[in-house]
Amino acid sequence: MAATIAIKNGHVFDPLNEINGDIMDIYIKDGKVVPELSDAEMKNAKVVDATGKTVMPGGVDSHTHIAGAKVNSGRLMRPEDSYKWNRPKTSITHGGTGETVPSVYLEGYEYAQMGYTTAFEAAVPPLEARHTHEEMHSIPMLDMGGYLVLGNNWFMMRYLKEGDINKAAAYVAWMMRTHKTYGIKCVNPAGVENWGWGKNVESLDETNIHFEITPREIIEGLTEVNEMLGLPMPVHLHANNLGHPGCYETTKESLTIPAKVKPNQDMGVEWAETKIDPTKDKSIYLTHLQFNAFGGTSWRDFESGVKDITDYVNSQDHVVIDSGSVPFGEATCMTGDGPSIHDIAVLTGSKWSNCDVELECGSGVCPFTYLKSNPVHSVQWAMGLESLLLIDDPWKTIMTTDNPNGGPFTKYPNVMTWLMSEAYRNETFSEVHKWANDRSTLGGVSRELSLYDIATITRATPAKTNGMAHRKGSLAVGADGDVTIYDIDPTRLDVTANYNDLLTKFRYADYTIKGGEIAAHNGEIMSIPERRTYYSDIKVDANEEKKMLEDVKDWFRYYTLGFENYPTPEKYLVNPTPINVNMEK
Ligand SMILES: [Zn+2]
């Protein structure tokens with residue numbers, strides 16, 4: 001089904017293979033990048049002329065919210081989100097609506113038209129895993145995976161409090177297999193459990209109700225378990241106190257906790273040859289730095305606390321972050337951090353929904369509009385860009401909007417252009433509240449990211465961070481045939497006079513090729529390519545698993561469903577693709 005394709009004469013940006021704008025041909029056969037095509041194969045190949053254009057691996061989003069119960073709650077509670085934004089059906093596509101929480105079909109089409117081919121749903125509550133997989137099943141165009149929310153899970157908290165790290169590891173391994181998920185998500189550890197009692201935790205060393213465990217103990221335990229098992233990605237941490245002025249201090253301290261945990265990953269998987277070592281070298285992946293870096297002590301003296309954290313990240317090697325950038329306009333805040341959403345609802349008077357997922361976690365949803373006239377929102381815009389510009393090494397940064405929390409993923413082109421063009425940033429500074437300049441360091445930053453940097457923070461770093469560099473974010477021989485061609489001539493790039501051009505070019509990729517098939521061309525969906533769902537298949541000592549399951553079955557009496565009904569069967573997944581993690585015994 002996958003076509004044979006030759007992409008000729010493009011300027012290739014492939015950071016995992018240290019290719020920086022070289023004019024090259026890329027060949028794809030049977031869905032994979034190949035070194036060359038024979039004369040016979042060339043005769044039947046589709047040839048795409050990329051002369052004077054930019055060629056990158058397909059985009060990889062390692063943090064988005066596009067599937068599952070809270071996304072669907074967002075759709076249900078926001079009919080107004082659909083009024084202005086719709087896409088008519090074509091002979092091969094469905095129609096759809098929604099700007100910040102689009103319908104499933106639209107999500108796939110709009111990612112594809114921007115050049116993205118892979119996305120990870122960043123919060124899957126175990127009990128909602130079936131629902132999440134059902135939605136992922138319906139999202140076209142994208143390879144996907146999901147992170148399992150474990151930071152307030154009763155079973156985890158009990159094991160970690162008892163110091164039984166082996167059973168905690170056996171539980172994580174079993175849960176990943178049971179719910180077909182990819183990595184560990186930790187949201188406001190210990191605090192979401194307290195939210196069940198209308199409370200939160202204020203510091204890393206405050207114990208929560210009933211379990212009497214601290215956020216520090218949970219972060220320590222989860223990061224240790226993650227590396228014991230050798231999961232493909234580091235723990236994805238949403239720190240405590242998020243969204244409160246002054247929270248940057250908690251975040252910074254949280255990042256010191258896994259400093260001593262040694263990253264571990266079994267490299268016995270089918271790696272493609274990449275020049276940059278694709279082994280996992282980070283022990284923590286901080287989510288949406290912007291939301292975790294509020295400075296000041298109240299909204300009156302609110303300021304950016306980003307620089308304090310980026311200074312720390314620059315001095316360390318164990319941290320990778322994504323930005324959670326704010327591109328202004330409509331957003332829908334949705335997170336497993338129920339108390340933080342409650343605070344937003346109180347602050348804005350907006351409609352609000354909240355959910356407690358029994359024994360496991362919680363969530364909240366609240367519509368939000370980021371205004372250029374608002375002082376705090378303007379600082380948040382600057383903070384999202386500081387997050388990506390103040391960290392020197394692009395291998396430590398990933399561009400996101402925490403879709404749709406900072407804004408919808410369809411605004412990635414704006415974020416990419418702000419990063420590349422100081423002139424565009426200055427234009428925006430002239431339109432927003434003066435706090436953006438007064439209360440952040442962004443105004444003094446002259447750094448402009450190159451196309452190579454953009455390829456790093458939107459392709460190579462997310463793929464490497466998630467242990468996917470053997471397939472994604474790379475154009476090495478053997479990698480997936482996922483390619484983006486932008487109609488951007490790097491030799492004529494003028495980011496000062498012509499940045500508006502970039503906005504359109506990033507928005508509508510000239511070509512998005514997935515698995516060797518032309519998926520999108522200039523904003524039009526050309527085909528519906530095959531896709532996969534990745535999950536971590538972790539083997540642990542059978543005896544340890546048996547002992548752990550005895551506990552779990554015993555404690556299962558507190559659930560409202562039976563143990564047999566808990567697992568998510570593989571049939572809920574589109575092309576289930578287990579990653580063999582192979583724990584060392
Ligand atoms: Zn998120």
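Predicted model: local features only at pLDDT ≥ 70, side-chain atom pairs only at ≥ 80, totals over all residues.

Modeller: Residues are numbered from 1 along each chain as its sequence is written.

Colleague: Why are α7 and α9 called roughly perpendicular to each other?

Modeller: The axes of helix α7 (residues 165-179) and helix α9 (residues 215-229) cross at roughly 70° and come within 9 Å. Axes are lines fitted to C-alpha atoms, for helices over the stretch in contact, and angles run from 0 to 180 degrees between N-to-C directions. Angles under 35 degrees count as roughly parallel, over 145 as roughly antiparallel, 65 to 115 as roughly perpendicular and the rest as oblique, and α7 and α9 are therefore roughly perpendicular.

Colleague: Which residues make the contact of α7 and α9, and what classes do they have?

Modeller: From α7 come Ile165, Ala168, Ala169, Val172 and Ala173, and from α9 come Gly221, Glu224, Val225, Met228 and Leu229, where contact requires C-beta atoms, placed from the backbone, within 7 Å. By class there are 8 nonpolar, 1 polar and 1 charged residues, with Ala, Val, Leu, Ile, Met, Phe, Trp, Tyr, Cys and Pro counted as nonpolar, Asp, Glu, Lys and Arg as charged, and the others, Gly among them, as polar.

Colleague: What makes α11 roughly parallel to α13?

Modeller: Helix α11 (residues 306-315) packs against α13 at an angle of about 10°, with the axes 10 Å apart, and that angle makes α11 roughly parallel to α13. Val306, Lys307 and Thr310 in α11 meet Met383, Glu386 and Ser387 in α13, and the residues of this contact divide into 2 nonpolar, 2 polar and 2 charged.

Colleague: How do you know that helix α14 is mostly covered?

Modeller: Of the 9 residues in α14 (residues 412-420), 8 are buried, a residue being buried if 20 or more other C-beta atoms lie within 10 Å of its own, exposed if 12 or fewer, and partly exposed in between. Among the buried residues are Tyr412, Trp418 and Met420, and what covers the buried residues of α14 includes α13 (375-389), α15 (422-429), α17 (451-465) and α18 (499-507).

Colleague: What makes β17 and β18 edge strands?

Modeller: The open sheet has 3 strands in the order β17-β19-β18, with antiparallel pairing. β17 (329-335) and β18 (353-357) each have a single partner strand, so one side of each is left without a neighbour in the sheet. Two strands pair if DSSP finds at least two bridges between them, and β18 and strand β19 (residues 361-370) pair over 5 bridges. Helix α2 (residues 69-77) lies across β17, β18 and β19, running at about 45° to β19.

Colleague: How do you know which strands β1 pairs with?

Modeller: The bridge counts settle that: 8 bridges join β1 to strand β2 (residues 19-29) in the antiparallel sense, 4 join β1 to strand β4 (residues 46-49) in parallel, and 2 join β1 to strand β5 (residues 54-57), again parallel. As examples, Lys8 has Asp49 in β4 as its bridge partner, and Val12 has Val55 in β5. β1 and β2 form a hairpin with 4 residues between them, and Glu18 in the turn has a positive phi of about 50°.

Definitions and conventions
Contact = placed C-beta atoms within 7 Å.
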